[in-house]
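Dear colleague,

Please find below the structure that I am handing over to you. My notes on its aromatic residues follow it.

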Amino acid sequence: MKARYNYRIYPKQSQLTPLAKAFGSSRVVWNDAWWLYKNAERNKLDRPTKISNLVITQAKKTEERSWLSEVSSVVLQQSLRDLQQAWDNYFSSLKGGRKGKAVGRPKPKKKHSRQAIRFASNAFSVHSQSVYLAKIGHVKVVFSRPLPSQPTSVTVIKDTTGRYFASFVVEIPEQIAYAERYPLGPQTSNSCGIDLGLTHFAILSTGEKIENPRLHKKMLKKIKLANRRLAKAKRDSNRRKKRKLRLAKLHVKVKDARTDFLHKLTTRLVRENQALAVEDLNVAGMVKNRKLSRAISDAGWSKFKTMLEAKCDKYGRDLTIVDRWYPSSQICSCCGKSGGKKELDVRQWQCLFCNTTHDRDLNASINLSRWAGGQSDQYKNERGASVSQAKLAVCGEALTNPIQLTLF
Ligand SMILES: [Zn+2]
């Protein structure tokens, strides 16, 4: 299993220029190759073979690209390989050969957005407090946690606020071995259903309500102001640069705080439970609802689910992604009978069959946790098609098969 390990790095003043050159050259090589491919596509020609000869070897001999030779050729070659991979992913996605979300067309790279270069294993080495990069030298790394094994590549990133990061790709040992080596906590047999919402970020079947931090909303005023100010600044002025940085910093702050919140929450949930169930929300579809879109994007549900899946996989916990059409908010968690469809603003309802009063979200999360524990028998007996799907998802084999990840 491959994983990424990210660390903040601090290049010396003298290393900033070589780094900037590497970012620039890598970008130019990518863009030159991109245009060649684009041109071939437009004129219905075959794709140029030996592209690296064209945009690197030959280009170095010309006056306007002679500076390419100042940069490690590994970085330039890697940039081409990454572009190639991006096209391949795009085409196989078009043909339906890839799982998950459709991959977009590769785009030319911009000078003023996030910059990245990748070093293959022959162009870098890891030391106790630094990483050696070809033609750049030793760069200080803050190893916030140890690398589990020798990395196969490293991506050096400069974000829009001028921070530098190193992102190592490492092969991590088999999942079970991993969980044994880095135990997350004591063994547990708890199961937990998670209902994602907007009023609260999540409602657990234990009754706990996790506040929605609504980070973006808090910062929205500041971001709007910064945007207006940026729009008023003259082009190419120093003031514009400053205001652009200010805006980028605000965005980064929101993003970092949200990532931190999601990491802490998912780690806690995975630590405390053996079985987890969460609804398969159609986030992409919901974001199209313009009234809700900002609040939903802000909540970070997709990221939450991705993290939860990855961590359950890593630590051998069972995650059930409950079918989108399972009416978790309609079923009474006491008697298992359906109470019918409810509008979004109905926060509480009473079951007509057993007279229990339910909190909408808590009831839904209890239903979800039943799935995680494989006890949704009552529901199974009463309903049709989606039930058989549901059955597949129930993690009844929790003990015999510790790494079970069920996806629809
Ligand atoms: Zn009932």
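Phe124 and Phe168 are both buried in this predicted model. Phe124 belongs to strand 3 (residues 124-126) and Phe168 to strand 7 (residues 164-171), so their pairing ties together parts of the chain that lie 44 residues apart in sequence. The ring centres of Phe124 and Phe168 are 6.2 Å apart and the ring planes stand at 50°, so this pair is classed as tilted.

In total, eleven aromatic pairs were counted. Another of them joins Tyr7 and Phe143: the centres of these rings are 4.9 Å apart and their planes meet at 70°, which is over the 60 degrees required, so the pair is edge-to-face.

Tyr7 is buried, its relative accessible area being 1%. Phe143, with a relative accessible area of 24%, is partly exposed. Together, Tyr7, Phe124, Phe143 and Phe168 make up one aromatic cluster.

Lys109 has its charged end over the ring of Trp30, at 4.2 Å from the ring centre. Likewise, the charged end of Lys140 sits over the ring of Tyr10, and here the distance to the ring centre is 5.4 Å.

With kind regards

Notes:
Residues numbered from 1 in each chain as written. Predicted model: local features only at pLDDT ≥ 70, side-chain atom pairs only at ≥ 80, totals over all residues. Heavy atoms only, no water. Phe/Tyr/Trp six-rings, centres within 6.5 Å; stacked < 30°, edge-to-face > 60°. Buried < 20%, exposed > 50% of the residue type's maximum accessible area, 1.4 Å probe, protein only. Helix = DSSP H or I, 4+ residues; strand = E, 2+ residues; numbered from the N terminus. Lys NZ or Arg CZ within 6 Å of the ring centre and 35° of its normal.
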